[in-house]
Amino acid sequence: MSRFILLLVVTMSVLTASTTEAQLNYPKPAKDDVVDDYFGTQVADPYRWLENTDSSLTHEWVEAENKVTFGYLDKIPFRSKIKARMEEILNYPKYTSPMKVGKYYIFEKNDGLQNQYVVYIQEGLSGEPRVLLDPNTFSSDGTVALGGIFPSNDDKYIAYSIQKAGSDWQEIFVLDLATGKKLNDHIQWVKFSGANWWKNGFFYSRFEEPKQGTFTSANENMKVYYHKLGDNQSKDSLFYEDPSHPKRGLYCGSTEDERFISISINEPGRKGNMVLIKDTEHPETGFVSVNSNLDVECGIIESDGNTIYLQTNKNAPKNTVMTTMISDPSDWKTLISESNDVLEATSFVGGKLIATYMKDASNHVYVFDLNGKKLYEVGLPTIGSASGFGGKKKETEVFYTFSSFTYPGTIYRYDILKNTSTVFRKSQVKFKPEDYEATQVFYPSKDGTKIPMFLIYKKGLKRDGKNPCYLYGYGGFNISLTPGFSTLRIPLLENGVVIAIANLRGGGEYGEAWHEAGTKLRKQNVFDDFIAAANYLCNEKYTSHEKLAIAGGSNGGLLVGAVMTERPDICKVALPAVGVMDMLRYHKFTIGAHWAFDYGTSDDSKEMFEYLYHYSPLHNIHEGVNYPATFITTADHDDRVVPGHSFKFAATLQEKYKGQNPMLIRIETKAGHGGGKPLSKAIEEAADEYSFMFYNLGVMPKY
């Protein structure tokens, strides 16, 4: 790295009301001479040093970039009004579904504009709520958030996790429910794991404490430990490890009666998970295999006596429910056959199985008996998304939340025996659903595949090609974009924006075949689906390319980056958030290796390298191309999609682009990939994104 000693040259923006975006003076960072050899192809990586987020040079670059970006945003005349409107809209009481824990009900509430939801507990549904946990007291700036709550099986305690500055690293603590007293237990270096209670303690998965300056290093050698209540973490016992496979993920669970303990194992580049199980009534037998095929997904729903209930895609791409016996756990029998619709989730509550299905990206929920007979369908208000339905095996009531694009999130109490739903809490958001319309269309992609897309807009919309449009997509990791209400997007609808949400291949909307159609050497299908969505919206006069903004986050950030570099004419504004932009090196950071099933890696083969190189956003920025106005967002503590992706993408865009459009990056500090972000930061980021979008689409908001 002979050039790494060069000083970072920083020039600040001199943007004034009379200057144009072409005169933005971006930082001019040093360029390194790093070159990698991929199967004989030499690939330069001049901004490799920006991967080091702990470097003082990187910190200087971040500060300089933010100065340019916020200098630009400060000149947008309506930016403060958009932020004020968002605060006004969001200033109402918000609740989560209650969790029943013995005689208690636990729920979260935000009074309005609190940075974090507060956890309340009450005895019975008519009891007086009291504060159990207030994450707003965890830090002065709201950047320490609650990760999850994990009740003990005897209903006496809860373990809870916290996340600092948006990092995926978690710490676990324990509360006594009766007194609200915090115990001395403190667990550190946990990642992607809850606290799974068993007897007088709990299991958790962790990595070794990272060394100083290894923020972006790969996370390896995950281990499962058991913590006995009251002990110091140093006394925790190692329960399971797999040193011969350091990249594998290990996750521990147990059944409600604590008889069976399971270990779920996944491996980078494989789409399924192995499952091992231990019968604690016969500990001498050790672990036995329920599923040994890393290309089959298998999850334990619950057990009942000797019977174990599984949800799996074994010989069923749209998922099914099967059973097995501990005497022969590899012998599976079908209980609920595969449907034409995708089985998303199954819970064992009230002596019944509650199964949530997805049809054309919206939910249907059915109740089955333990023999697999369908008893009835849960009546949902309209086309939309339902989540919840969790509880213990003997409970006869559960809670679920239902929402749709124009149906604010409403919490329902469901009586399993009577098959009746009653409104438990209705949203108090000031929104008039009758003023808006939501519809679903199907459009052809490049290869003729029909792709579903939701459209939400003001009633009376004129399809004259002049409407601003916000097109959002994801297309990966078997994740489905189902109808849901977003308070943060109300300002878009109020200002005549058509919101379009495309259900691209790579997602889970139609099962595993739909997912696989957007992976590895078929990833281009995802980009083609998104480009076809943009063309459909323009051809049908919902909008025009000059009034179109494309948006996505994480894998969706990759989507936006790939589409804007492949088809820069497709839109006027590009909004890639926390995106995977360097497809040749993504697998070398934190948990990136676990994305290999969707992407493949540049180490796999020459063919895979060439395919990734062909669409990798970072490597497809060229001089002389008129890229859309681009607003990149990331955060300095993102340890999932590390910020180096966005840093290098922004630096390269700013170096090579010579046109009129702004190429900006907004770097949030003390924040991560998105989870646990303080409400104040979420509002500021959304207001900045919408302001940039409106300004560059030539739209003057009505505020």
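How many salt bridges does the structure hold? The count is 43, in a model that is predicted. The legends below cover some of these pairs, along with the overall fold, the nonpolar cores and selected backbone features.

**Figure 1. Overall view of the predicted protein.** The protein contains 10 helices and 39 strands. Its radius of gyration is 25 Å, close to the 27 Å that the globule rule gives for 703 residues, so the protein is as compact as a globular protein of that length. The C-alpha trace spans about 75 × 60 × 50 Å along its principal axes. Of the 703 residues, 57% are buried. Among contacts between residues at least 6 apart in sequence, 56% join residues at least 24 apart.

**Figure 2. The largest nonpolar core and the surroundings of Met453.** This core has 116 residues, and Trp61, Met453, Leu471 and Met693 touch the most other members. Apart from it lies another core, of 16 residues, which includes Leu132, Leu146, Phe173 and Leu177. In soluble globular proteins, nonpolar side chains tend to be buried together. Beyond its neighbours within four places in sequence, Met453 contacts residues including Val441, Tyr443, Leu471, Ile501, Tyr536 and Leu537. Thr439, Gln440 and Asn503 are also among the contacts of Met453.

**Figure 3. Helix α10 and the glycine after it.** Helix α10 covers residues 679–697 and has 19 residues. From first C-alpha to last, α10 reaches 27 Å, close to the 27 Å expected at 1.5 Å a residue. The helix is mostly covered, with 15 of its 19 residues buried. Just after α10, Gly698 takes a positive phi of about 75°.

**Figure 4. The salt bridge between Asp688 and Arg666, and its network.** The side chains of Asp688 and Arg666 meet at 2.8 Å, N to O. This pair links distant parts of the chain, with Asp688 in helix α10 and Arg666 in strand β39 (residues 663–668), 22 residues apart. Both Asp688 and Arg666 are buried. The two residues belong to a network of salt bridges that also links Asp74, Arg79, Glu668, Lys677, Lys681 and Glu685.

**Figure 5. Lys199 and its salt bridge with Glu258.** Lys199 is found in the loop between β12 (196–198) and β13 (201–206). Its phi is near 55°, a positive value in a residue other than glycine. Most residues other than glycine have a negative phi. In the salt bridge between Glu258 and Lys199, the closest N and O atoms are 3.9 Å apart. The pair links distant parts of the chain, 59 residues apart, with Glu258 in the loop between β16 (249–254) and β17 (260–266). Glu258 counts as buried because its relative accessible area is 12%, under the 20% cut-off.

**Figure 6. The salt bridge between Glu171 and Lys164.** The closest N and O atoms of this pair are 3.1 Å apart. Glu171 is buried, at 13% relative accessibility, whereas Lys164 is partly exposed, with a relative accessible area of 44%.

**Figure 7. Phe389, a loop residue with positive phi.** Phe389 lies in the loop between β28 (385–388) and β29 (397–404). The phi of Phe389 is near 65°, a positive value in a residue other than glycine. With a relative accessible area of 2%, Phe389 is buried.

Terms used:
Residues numbered from 1 in each chain as written. Predicted model: local features only at pLDDT ≥ 70, side-chain atom pairs only at ≥ 80, totals over all residues. Heavy atoms only, no water. Helix = DSSP H or I, 4+ residues; strand = E, 2+ residues; numbered from the N terminus. Buried < 20%, exposed > 50% of the residue type's maximum accessible area, 1.4 Å probe, protein only. Expected span 1.5 Å × (residues − 1). Core = buried A, V, L, I, M, F, W, Y, C linked by side-chain atoms within 4.5 Å. Contact = heavy atoms within 4.5 Å. Salt bridge = Lys/Arg side-chain N within 4 Å of Asp/Glu carboxyl O. Rg over C-alpha atoms; globule rule 2.2 N^0.38 Å.
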